[in-house]
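Here's a quick tour for anyone meeting this structure for the first time. Have the sequence and the 3D view open side by side, and we'll go topic by topic.

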Amino acid sequence: ETLAQTAKMLIDMAKMEGHSTLHIIWHGGEPMMLKPEWYREAIEVLDEVIGPEYYTQSFQTSLIPYRSEWASLIHERFESFIGSSIDFSQRKIKSSPEQYLTLWMKKVEAARNDGIYVVPGMVPTKNEIPRAKELVDWFIDHDFNEFNIERYSRFGEDDKDWPENIEHSRFLIEMFQYLMERSTKGLKVPYVKAIASGINGVLHGIPGDRWGGACQRQFLVIEPDGSLNSCPDRASHEKPFGNVHGGAESV
């Protein structure tokens, strides 16, 4: 019932704002803790209420629970694509970030062998801030044509891993300069959405990615109980501003 009401609210909101399609992201926690069969049933609800021609969808997962049983569903309804979070220092197995990265890459290779395209997304902490060039090289060496960067968020609490805004900016600047250096030498340059958004901001005055305000205008976070927020990283820190059962006009 909550999912059906969610679908109705989303398509109503899209039409009210003049959009012909919408995109649904299954996010976490960890969405792969559920079974593929659960998503097939959920997608039937979305298709019935929204219509399959009016929406696309994607997965954002740690990838650690991935098994080949997911492949057919991802090919059929997720455009053979998975977004996956990756961590270079905070996630560990037996106190070892290297063991975590080894396991993550095994899952990436398993997905690739099943014909699935994986785009990693990282959140730089203070540990990654000095490593912009090294991280670009790591993604290239592991055959990624693109990767995403999100901002590490802190809400009213001390966090020793949280980079200040100026540190995060310098990280992006160093990465941009290194990508440009590689480009001028004719070397491989992966696509980095945060860098591209920064260029659009300078050249065209277009707000960059979520951190330029897109999160407030384009995202709607829906929790399992139907409660609503505007940005994924704020949902666990702020009170919801509504519920799907109130419908589009209440948002």
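In what sense do E1 and E2 pair, and over how many bridges? They pair in the parallel sense, over 5 bridges. Before going further, note that this is a predicted model, where local features need pLDDT of at least 70 and side-chain atom pairs count only at pLDDT 80 or more, while totals for chains, interfaces and linings use all residues. Residues are numbered from 1 along each chain as its sequence is written, and side-chain values use heavy atoms, with hydrogens and water left out.

**The parallel sheet**

- E1 and E2 belong to an open sheet of 6 strands, in the order E1-E2-E3-E4-E5-E6, with parallel pairing. The edges are E1 and strand E6 (191-192), each of which pairs on one side only.
- Helices (H or I, at least four residues) and strands (E, at least two) are DSSP runs, numbered from the N terminus. Two strands pair if DSSP finds at least two bridges between them.
- Gln60 has Gly83 in E3 as its bridge partner.

**Strand E3 and Ser85**

- E3 is largely enclosed by the rest of the structure, because 5 of its 6 residues are buried. Buried means under 20% relative accessible area, exposed means over 50%, and partly exposed is in between (1.4 Å probe, protein chains only).
- Ser85 lies in strand E3 and counts as buried at 18% relative accessibility.
- Leaving aside its neighbours within four places in sequence, Ser85 is in contact (heavy atoms within 4.5 Å) with residues including Gln60, Tyr100, Trp104 and Gly121.
- Ser85 and Thr56 are 29 residues apart in sequence, and their C-alpha atoms are 20 Å apart in space.

- A set of 3 strands makes an open sheet in the order E7-E8-E9, and here the pairing is antiparallel. E7 and strand E9 (242-243) are the edge strands, each pairing on one side only.
- E8 and E9 pair over 2 bridges in the antiparallel sense, and Leu228 stands opposite Gly242 in E9.

**Helix H1**

- H1 covers residues 2-16, which makes 15 residues, and reaches 21 Å from its first C-alpha to its last. That's close to the expected 21 Å, the expected span being 1.5 Å times one less than the number of residues.
- Which residues of H1 are buried? They are Thr6, Ala7, Met9, Leu10, Ile11, Met13 and Ala14.
- What covers these buried residues includes strand E1 (22-26), helix H2 (36-49), strand E7 (221-222) and strand E8 (227-229).
- Gly18 follows H1 and has a positive phi, near 80 degrees.

- Most residues other than glycine have a negative phi, and most peptide bonds are trans.
- Gly28 and Gly29 are joined by a cis peptide bond, with omega about -10 degrees. Gly29 sits in the loop between E1 and H2.
- Leu63 isn't a glycine, yet its phi is positive, near 75 degrees. You'll find Leu63 in the loop between strand E2 (55-61) and helix H3 (71-77), and it is buried, with a relative accessible area of 0%.
- Ser80, also not a glycine, has a positive phi of about 60 degrees. Ser80 lies in the loop between H3 and strand E3 (81-86) and counts as partly exposed at 22% relative accessibility.

- Arg182 is found in helix H6. Is Arg182 buried or exposed? Arg182 is buried, with a relative accessible area of 12%.
- Among the residues in contact with Arg182, leaving aside neighbours within four places in sequence, are Val136, Asp137 and Ile140.
- Helix H6 (165-184) and helix H7 (193-204) each supply at least two residues of a nonpolar patch, and H7 gives the largest share, 3 residues.
- Leu203 is found in helix H7 and is exposed, with a relative accessible area of 59%.
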